[in-house]
Amino acid sequence: MVRKLLSTVRLQIAIITLFVAGSTFANTNTNDTVTTHHVQAHEGAHDEKAFDAGAMIIDHIVDAHEWHILTYNDFHLSIPLPVILIDNGKLVSFSSSNFHHGHDAYKGYKLMTEGDNKGKIIKVTEDGTVDASAKIPLDFSITKNVVSLFISLLLLCLIFISIANRYKKHPDTAPKGLQSILEPIILFVRDDIAIPGLGKKKYKRFMPFLLTVFFFIFFNNLLGLVPIFPGGANLTGNIAITMVLALFTFVITTFIGNKNYWMHIFNAPGVPWWLKFPIPLMPLVEFLGVLTKPFVLMVRLFANITAGHIILLGFMSLIFIFGNMNIFAGYGVSVFSIAFGVFMTMLELLVAFIQAYVFALLSSIYFGMAMEEHHHPEEHTTEH
Amino acid sequence: MSLLSVLLQEAANLAPVAKMGAGIGAGIAAIGAGIGIGKIGASALESIARQPESVGDIRSNMIVAAALIEGVAFFAIVVCLLILFL
């Protein structure tokens, strides 16, 4: 019964995946699906270009309009992703393969590869020069990070809907399969994140949010460590994603803040009056504290994950840098680099978990602080 | 006088050396994080030695404190990266 249900869920998920995959490959070109590029003739000695470690690292960290899978000499394998622009209210969409890595303009748009607007799609005039008077169109493209977001959402929904169905079908039985690996983690979120921050009475309300945030960050961190498609997109290293997560925490904290919470910020008890009036120093400092907490959440996750990726990529680039000098130096360094890379990957697995844990823990602590009731200062008698 | 003009000319070419500031900043951030997390680790180990049955509690608190301090160090790293790439 469960198997039948799971197979229909799997079937639906598979159909949805195919649909999404098919639509990401949709483009107006004749050579559809995965495009195999040939090196542009006017590139010159493309395969003799020296190995640029900085550019390679940056390319692996930032977002892109195509999902690059591999490059072997002249053979590039990448998935071109749709470009969706809103230009003065007009919706324009096409495949990013039309840009040919930023060389060509298409339909009056060009992907800038250097200059002030590097990485952005801007309008160009007929002869290809930048149209400086036009506004930059709003870019709603399905980029690499967006596809990775969809993939991780699919993974999350698949896993959790299937185990939720199993819990509904077989309550009060021993966990089996996927349940047995996720149940300890879910209980860990409840016992070590939700209850310490929120207390035994109020934690249930926030469990959905804490579980979602924890598993979202954890799965995306782990997916970022997988080197090839569908992983490796560095989603949680994108500061926009972490900003949205921190914004969720901030908005929830603001909306559940009770009178006690706001009083502690703007009219803290026990603080001398001359710090609050005429120049409200103390309220200002406390208000800045309210703003820095989500900001720090954002930067902590972003910097941890991005720094981990940069370190790993840097050690891999060392091999090629040394190899360019002397092939045997490259071989020698590669032993050391790979050993260190394995160690760093283990560390990054730990960091993936710790960052999810710290984000969820701090969120629950902020929620708990926002809902705290008023404590009267107690008279302490000396104990013997 | 000519020494001053030579120095002035050279000072105008110091733009790439400004990136050295990023490196020094990152190094100082690493020192700060190292000292901070080292102190946490030291006190955690000491308290485990004093009361071995509270290993679990101490370990989780140590990891949380280390993550928070690393967050501060990463602020400095992000600023240094901004110097290099912006």
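Two residues are in contact if their C-beta atoms, placed from the backbone, lie within 7 Å. Packing in this predicted model is described on that basis.

Helix 6 of chain A covers residues 239-256. Its 18 residues reach 26 Å from the first C-alpha to the last. That span is close to the 26 Å expected at 1.5 Å a residue. Seven positions can be listed as buried in helix 6 of chain A: A:Ile241, A:Thr242, A:Leu245, A:Ala246, A:Thr249, A:Phe250 and A:Thr253. The buried residues of this helix pack against three elements of chain A, namely helix 5 (207-225), helix 8 (281-325) and helix 9 (327-370).

The loop between helix 5 and helix 6 of chain A holds A:Asn234. Phi of A:Asn234 is positive, near 55°, although the residue is not a glycine. A:Asn234 has 25 other C-beta atoms within 10 Å and is therefore buried, the cut-off being 20 or more. A positive phi also occurs at A:Asp172, again not a glycine, with a value of about 60°. A:Asp172 sits in the loop between helix 3 (144-169) and helix 4 (178-198) of chain A.

Chain A is assigned two domains, domain 1 (2-142) and domain 2 (174-370). Their contact draws ten residues from domain 1 of chain A and 14 residues from domain 2 of chain A. On the domain 1 side, helix 2 (53-61) and strand 2 (66-72) of chain A are the elements that give two or more residues. Helix 2 of chain A gives the most to that side, with five residues. By class, the domain 1 side comprises eight nonpolar residues, one polar residue and one charged residue.

Chain A also touches chain B. Ten residues of chain B are in contact with ten residues of chain A. The chain B side of this contact divides into seven nonpolar, two polar and one charged residues.

Confidence was examined along chain A. The average pLDDT of chain A is 81, and 85% of the residues score at least 70. Over residues 19-47 of chain A, pLDDT stays under 50. The model has 34 contacts beyond four places in sequence for residues 19-47 of chain A. Where pLDDT is low, predicted coordinates should not be read in detail.

Methods. Residues numbered from 1 in each chain as written. Chains lettered and ligands numbered in written order. Predicted model: local features only at pLDDT ≥ 70, side-chain atom pairs only at ≥ 80, totals over all residues. Domains from an automatic or database assignment. Helix = DSSP H or I, 4+ residues; strand = E, 2+ residues; numbered from the N terminus. Nonpolar A, V, L, I, M, F, W, Y, C, P; charged D, E, K, R; others polar. pLDDT = per-residue confidence, 0-100. Expected span 1.5 Å × (residues − 1). Buried ≥ 20, exposed ≤ 12 C-beta atoms within 10 Å, placed from the backbone.
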